[in-house]
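The following explanation is written to be read beside the sequence and the model. Please keep both in view while reading.

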Number of protein chains: 2
Amino acid sequence: MAEKKMVEAITSMEEDFAQWYTDVVIKAELCDYTSVKGCMVIKPAGYAIWENIQKNLDQRFKETGVENVYLPMFIPESLLQKEKDHVEGFAPEVAWVTYGGADKLQERLCVRPTSETLFCDLWQREVHSYRDLPKVYNQWCSVVRWEKTTRPFLRSREFLWQEGHTIHATAEEAEARTIQMLNVYADFCEQELAIPVIRGQKTDKEKFAGAVATYTIESLMHDGQALQSGTSHNFGSGFASAFGVEFTDKDNQLKPVYETSWGITTRMIGAIIMVHGDNSGLVLPPRIAPVQVCVIPVQQHREGVLEACGTIFDELKQAGVRVKLDDRDNRPGWKFAEAEMRGIPLRVELGPKDLANGQAVLVRRDNREKTVVALDELAAKVRELLTTIQADMLERARAHRDAHTYAAKNYEEFVDTINVKPGFVKAMWCGCRECEDKIKEDTGATSRCIPFDQEKVGDTCVCCGKPAKKMVYWGRAY
Amino acid sequence: MAEKKMVEAITSMEEDFAQWYTDVVIKAELCDYTSVKGCMVIKPAGYAIWENIQKNLDQRFKETGVENVYLPMFIPESLLQKEKDHVEGFAPEVAWVTYGGADKLQERLCVRPTSETLFCDLWQREVHSYRDLPKVYNQWCSVVRWEKTTRPFLRSREFLWQEGHTIHATAEEAEARTIQMLNVYADFCEQELAIPVIRGQKTDKEKFAGAVATYTIESLMHDGQALQSGTSHNFGSGFASAFGVEFTDKDNQLKPVYETSWGITTRMIGAIIMVHGDNSGLVLPPRIAPVQVCVIPVQQHREGVLEACGTIFDELKQAGVRVKLDDRDNRPGWKFAEAEMRGIPLRVELGPKDLANGQAVLVRRDNREKTVVALDELAAKVRELLTTIQADMLERARAHRDAHTYAAKNYEEFVDTINVKPGFVKAMWCGCRECEDKIKEDTGATSRCIPFDQEKVGDTCVCCGKPAKKMVYWGRAY
């Protein structure tokens, strides 16, 4: 059977989660490998998801006053070197342009790994007075980091993202913007991608090169590994001082600006796969799915079937549903399997018997539930089901995460949990880098974040036993 | 006067067109120079125009079945070299990446100047049967060409564009797609940008490196210089053969695919400036303007003025107009001049007297015409005027172009016209490269295109006097 074959063609996630992931990526035609080592092609089915992510996030950004810009993809080496921590963090993994045509460049240029330096260079020219503040900019672009090992969407040498960069007259305003954008990301992930997230702060060890504070949203994949899903950084006035971005304030004093940056990347497509996918392939949340409903005729050569499917297609389109009619000359079972592999949230089946009874069959992708519905109630039922599916997917992901979140009071418990039960481990921490390093070395787990939502799971550091300062989420991560 | 100062701050176009252009670009805050030689920053006012261009074109593309994708920005040198003409055309002007972090790359990578080679590399893997055809892909990205002399929007080392790439089972289908996309560009330029274009074919000398045929739309700037505004290339099966992109046809024969590509770039923002701008700054066509209407209160501290302007703002927003309320604490004259500099198509002025009379004043940016309108008719009048402005701008640009399009029968007339009357010169051509080269050397003019709309302006080649094959548009170009 074609249907069976297609499903069997992917490895089950229980057998080999990494292989299952790769199989879904390739079979759902989200992306593919290229002749360019470490770089991928994002194919139409994958790029359409990214377009929906962009459209939705961009609107959320603009509602908070963000303006889009575009800065060069090249950074002169001297500019990258102006902020010490930043260059140390990024220089080892940048790609260097050394020739333009046949001519060797006088100064080599790196392909941007991130653009703090370029934004500061711009602001240093355009900001003079408090009247010029704040600047709340964003750009959608690709960046390059020369990674040794790569995986589709999760880690590649070039990836797509947005990077927001803002400057403010006061430290308070910068901190407020940093948190505001983290919340935009968190709401977006939960409402659109149906991915629940933990909001919190990174430890000093895990923060962004050059930042005073990095905030993060962390999500949990189906295999119990964590994924950093969006970060927002407060730079204080460090970059501004290094680049001389100063303004004359109302009191006529020359002051440095306070800076933030925040970003989310195509790795979120990887998160969608690993949070919602199953052994039949991708499962897309309706709000982000490029195609929400697929209408599949059964025995489409029989009189009236294709016409009725066409009417359903028109009705759903009219109702604002992103719908596709699959009238290709393939067997229905094959089409069902393909629609499942591609993660289309809802399938409408209609054959001669359904037509005679004035009904169609709706099949949910997320739980395979079938509903028989009268044709004149179909559009309303479809809209209702899409809303239900979206809500159920978030709840299921939340339940999975909660069921895989543990608390550990002492080190033995901690190590046992990390090793035996993949997931988040909540544990107290003294605040020392040494304990983070030891935990990483012993278990491979890292501090994911110091959650805003603190909870006292003990009194002493799970590692050294000294008095604890904070509760931290720990886990192995992508 | 602040107003006068702002207007005086830009060079008049009659005095120095190039300086006028630069002044508009900078004063309207469309873009700015950077520390990266030959690269620019596109600032919010400029990027918002590009976003509108993208949104509109992307929709037009998708209506013809285009799917968006994203391919790597790097091309391995060996891949670039597979098609002989192509590498000769582009290798001299590419940027080369030679190091990844501290490691020298085994093979150097160029930053894409265009992506035909990468698309062929992708198709060579994904296309097997006639069922896999056609592929109709597009990507929005930036490309790099290491230009010696650069100008904002018109020529920079990195620029933004879209590049469409398609493959087809037959030569006829590829040719039809090439022409179809040229027409999409032409309609877009005329309907959205109010820029009339000449549609035609490039001569062999001017065609794209590796193409069988290049089609172009050519527009005329205010100073009488031409601008190539969009191109569409038919590659035949040349690239496909070089890259081994073959498919098994219905007749079970292995055949090469036929390929096209087509692109439009941020230089169209330069075209908008140079076709519509005047000595007060930018003039934006309403359909592409990020802000279509600016509401400016006069004596805004007087009772009721700001409230009434707020009501107008709400009404216009409700009516689907992209409107801005300028309630900043500046003098109205300064705000008027700024709105003019930024090219906002329509301005609404309202002061205490207007309020008392239940009216507002509408001022068109394109011709400064003032209309007094009753407040309860304002929204309807604004919508009507925006439509009128759009149509008038196209007509004015067309009239300017037609008034600067000449015909020359012999070489003396041709050279005189080119030298004295900036614009297009229509003249007959024998089809020889030698005549094109001589004309370029003698006058600096190039063949802009062999228009689809042929017209017999003589019998013999304007250069060599031999029997003519085609009528050609000639001109100096950006």
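This is a predicted model: local features need pLDDT of at least 70, side-chain atom pairs count only at pLDDT 80 or more; totals for chains, interfaces and linings use all residues.

Residues are numbered from 1 along each chain as its sequence is written, chains are lettered from A and ligands numbered from 1 in the order in which they are written, and side-chain values use heavy atoms, with hydrogens and water left out.

At the interface, 53 residues of chain B are in contact (heavy atoms within 4.5 Å) with 53 residues of chain A. Because 100% of the interface residues of chain B are also interface residues in chain A, the copies meet through the same surface. Between them the two chains bury about 4200 Å², 61% of it on carbon and sulfur atoms; buried area is the accessible area (1.4 Å probe) that two parts lose on being put together, summed over both.

Six salt bridges cross this interface, each a side-chain nitrogen of Lys or Arg within 4 Å of a carboxyl oxygen of Asp or Glu. A:E51 forms a salt bridge with B:K62, with the closest N and O atoms 3.0 Å apart. Strand β5 (residues 95-100) of chain B supplies six residues, the largest share of the side of chain B that touches chain A; strands (E, at least two residues) and helices (H or I, at least four) are DSSP runs, numbered from the N terminus.

Over all chains there are zero disulfides, defined as pairs of cysteine sulfur atoms within 2.5 Å. A:C463 is in no disulfide, the nearest cysteine sulfur being that of A:C435, 3.9 Å away. The sulfur of B:C141 lies 12 Å from the closest cysteine sulfur, in A:C141, too far for a bond. B:C141 is buried at 9% relative accessibility, where buried means under 20% relative accessible area, exposed over 50% and partly exposed in between (1.4 Å probe, protein chains only).

By contrast, B:E14 is exposed, at 62% relative accessibility. B:E14 sits in the loop between α1 (2-8) and α2 (17-27) of chain B.
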